[in-house]
Structure formats: structure tokens, C-alpha cells
Amino acid sequence: MSEEWWRTEPTKTIRVEGGIRTRSQHGDIARTWWSRRFFEVLESLGMGGRLERGKRYARAGQVLSLSLSTSIAVAQVQGSRPEPYRVRIGVRAFTPEQWIEVEKALAGQALFMAKLLAGEMPADIEAVFGTVGLKLFPDSSRELSMDCSCPDWEVPCKHLAAACYLLAESFDADPFEMLAWRGRGRQELLDHLRALRDSTVTTAPADVGEPLSSVLDSFWGKPSPRTGDAPAAADKPDALLDQLDPLPVIVRGRALVEFLRPAYRTMVEGS
């Protein structure tokens, strides 16, 4: 491109009304660990300094639209030209086979299951992806691609950077969007996890004891002094909890059911 082209290119940004503004107008934009992790990845790829240029655009509402689907986020950003620039932020989606392995690993973690059903992103979820040889957040330029229709050759330009900030805020509002970007939407993921949980219950070993409904009269009793036979709760007083669906309640970082188990054992010991 000639130097004359750069001199004639308009540089004044066209202000717009009704654009998408970041909720945060001061300080950090990313509020949750997973959106901050997204920015850490971008900074690790050498984009940290250039991202700051787009923060003013994002806060001023220069982004006209932003949509996210499997593998790609697309936005329109108003710059100095009458026609908005089109930006794309792409990531490599996991294959259906890879997602099956991820879902199996997640279903095997009761706490993760409870948090996901409660709409939370477990803090150690990256480790679960690691057990099947995957990384939730892209860690190389081969897995993350960006392009913009503006004449700026830098990546990311301020239009891309503005879209990144709004994308991070969308991850703040709904952590499942990060998973959807990688190829698995919220409802599909939760449906698969519930199916895996139900199949585990259905195929549980036969030595779990009699159904609770048939031993209610003696469930909390002590072993008979004459026969020595132990009632259902003697060996596993918290068996009732295993027959319930996972409780989507987290207390101090642990599933509620883990706090209930000691209470169930105490009831048997004191009866």
C-alpha cells in the first residue's frame, strides 16, 4: 500500500448511538476467572498491549452487533468509514468424539456435575479437559484466528480488541458460552451429563442392598442383639443420599451432599 493511501484514509471515528457498551465503564472488564483466563491466553500470544486500544471502543458502544456460535464469534464494529468493519474471532471446536470423552470425565466428578447443573463453571474444569488430552482455552495461534475488514494490518486491531472485551463479558454472564464456542451448547451438555449419570445409576452394582422403601422401619436401627443382623443403614448410613439426584447447591466450594453425609452417620451412631 502506498503512503498516499494512508494520508487520504479517514481517521476520525464515526460515533454511533445504540451500540453495545461494556457493563464495566471503569477498571477491569473481565470479572470471573474464566473471562480473565481468556485474556491471559490473548496476552500470552503477544496481544496484551494491543488489546488496550480496543477498550475505549468497547466502552463507547462502537460495537454494533456480536454473535457467537460453534467455533466463531462475529461482530460489526463502527470505525472511521461509513460502513462498519466485520470482525471474526475463531477457535478450533472439539470433535463430537472428543466431547464424549470430556463428558465422561465431567460426569465422573460429582462436584463438577453439581456446579454445572447450578450454572457455574468449576474452578478446576481445565484439569478435567487435560485428563483427556484437551485444553479448554486455546494456547497457540493455530487454535485461535482473528481477522477484520479494516485496513490495519495489526492483529488484533482496535476493532477486534473491542469485540474481545465484549466476548469476555458474555463469558462472564454465561460461562456456558465458552463451552459453546468450543462446540457444546449448554442444554446439549447438561442433557448428556444427566444421561451419563442416569446410566451409571441404572448399571450400579447389585450389592448396594435392598431398596430403601422396603427397609424404612429398620433403616436407622442398630444391629439386633440376638441375630447380629445389621439394618440397611448400619454399614452405609448415608445410602439415602446416593439415591437422590445431585443437589445443585455449593457450600464453601463443596457440594451440599458432602456436608450431609456426616450428619447421617451421626444419626445411626446415636440411635
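The buried residues of helix α2 (residues 33-44) pack against α3 (48-60), β4 (144-148), α7 (158-173) and α8 (176-181), where helices (H or I, at least four residues) and strands (E, at least two) are DSSP runs numbered from the N terminus. These buried residues are Trp34, Ser35, Phe38, Phe39, Val41 and Leu42, with buried meaning under 20% relative accessible area, exposed over 50% and partly exposed in between (1.4 Å probe, protein chains only). Seen down the axis of α2, they fall within an arc of 150 degrees and so line one face of the helix; the arc is that of the directions from the helix axis to the C-beta atoms. An α-helix has 3.6 residues a turn, so residues three or four places apart point the same way.

The model discussed here is predicted, so that local features need pLDDT of at least 70 and side-chain atom pairs count only at pLDDT 80 or more, while totals for chains, interfaces and linings use all residues. Residues are numbered from 1 along each chain as its sequence is written, and side-chain values use heavy atoms, with hydrogens and water left out.

**Confidence and overall make-up**

The mean pLDDT of the protein is 78, and 70% of its residues reach 70 or more, pLDDT being the predictor's confidence in each residue, from 0 to 100. Over residues 1-9 pLDDT stays under 50, and for this stretch the model has 9 contacts beyond four places in sequence, a contact being heavy atoms within 4.5 Å. Where pLDDT is low, the predicted coordinates should not be read in detail.

The protein has 12 helices and 6 strands, and buried residues make up 39% of its 271 residues. Of the contacts with a separation of 6 or more, 70% are accounted for by residues 24 or more positions apart. The accessible surface comes to about 15,200 Å², of which 52% belongs to carbon and sulfur atoms; accessible areas come from the Shrake-Rupley method with a 1.4 Å probe, and for residues only the protein chains shown count as cover.

For α2, the 12 residues should span 16 Å at 1.5 Å a residue, and its end C-alpha atoms are 16 Å apart, which agrees; the expected span is 1.5 Å times one less than the number of residues. After α2 comes Gly46, whose phi is positive, near 85 degrees. Helix α4 also has 12 residues, and it reaches 16 Å from its first C-alpha to its last, close to the 16 Å expected at 1.5 Å a residue. The buried residues of α4 are Trp99, Val102, Glu103 and Leu106, and, seen down the axis of α4, they fall within an arc of 100 degrees, so they line one face of the helix.

Ser35, found in helix α2, is buried with a relative accessible area of 0%. Leaving aside residues up to four places away in sequence, Ser35 touches Ala30, Ala168, Phe171 and Asp172. Ala168, in helix α7, is likewise buried, with a relative accessible area of 0%, and beyond its neighbours within four places in sequence it is in contact with Ser35, Phe38 and Phe39. Met146 lies in strand β4 and is buried, with a relative accessible area of 12%; residues up to four places away not counted, its contacts include Leu42, Val155, Pro156 and Cys164.

The table gives C-alpha separations.

| Pair | Apart in sequence | C-alpha distance |
|---|---|---|
| Ala168 and Phe38 | 130 residues | 7.2 Å |
| Gln109 and Val128 | 19 residues | 9.0 Å |
| Met146 and Ala161 | 15 residues | 9.9 Å |

**Loops and backbone geometry**

Gln109 is placed in the loop between α4 (96-107) and α5 (110-117) and counts as partly exposed, at 39% relative accessibility. Ser71, in the loop between β1 (63-69) and β2 (72-77), has a positive phi of about 80 degrees although it is not a glycine, and Ser71 is partly exposed, with a relative accessible area of 25%. A cis peptide bond, with omega about 0 degrees, joins Val155 and Pro156, and Pro156 is found in the loop between β4 and α7. Most residues other than glycine have a negative phi, and most peptide bonds are trans.

**Annotated span**

In an unreviewed entry, UniProt lists residues 130-168 for "domain: SWIM-type"; UniProt positions are given in the numbering used here, feature names are shortened, and annotations may be inferred rather than shown by experiment. In the model, the end C-alpha atoms of residues 130-168 lie 22 Å apart, and the span is 33% helix and 13% strand.
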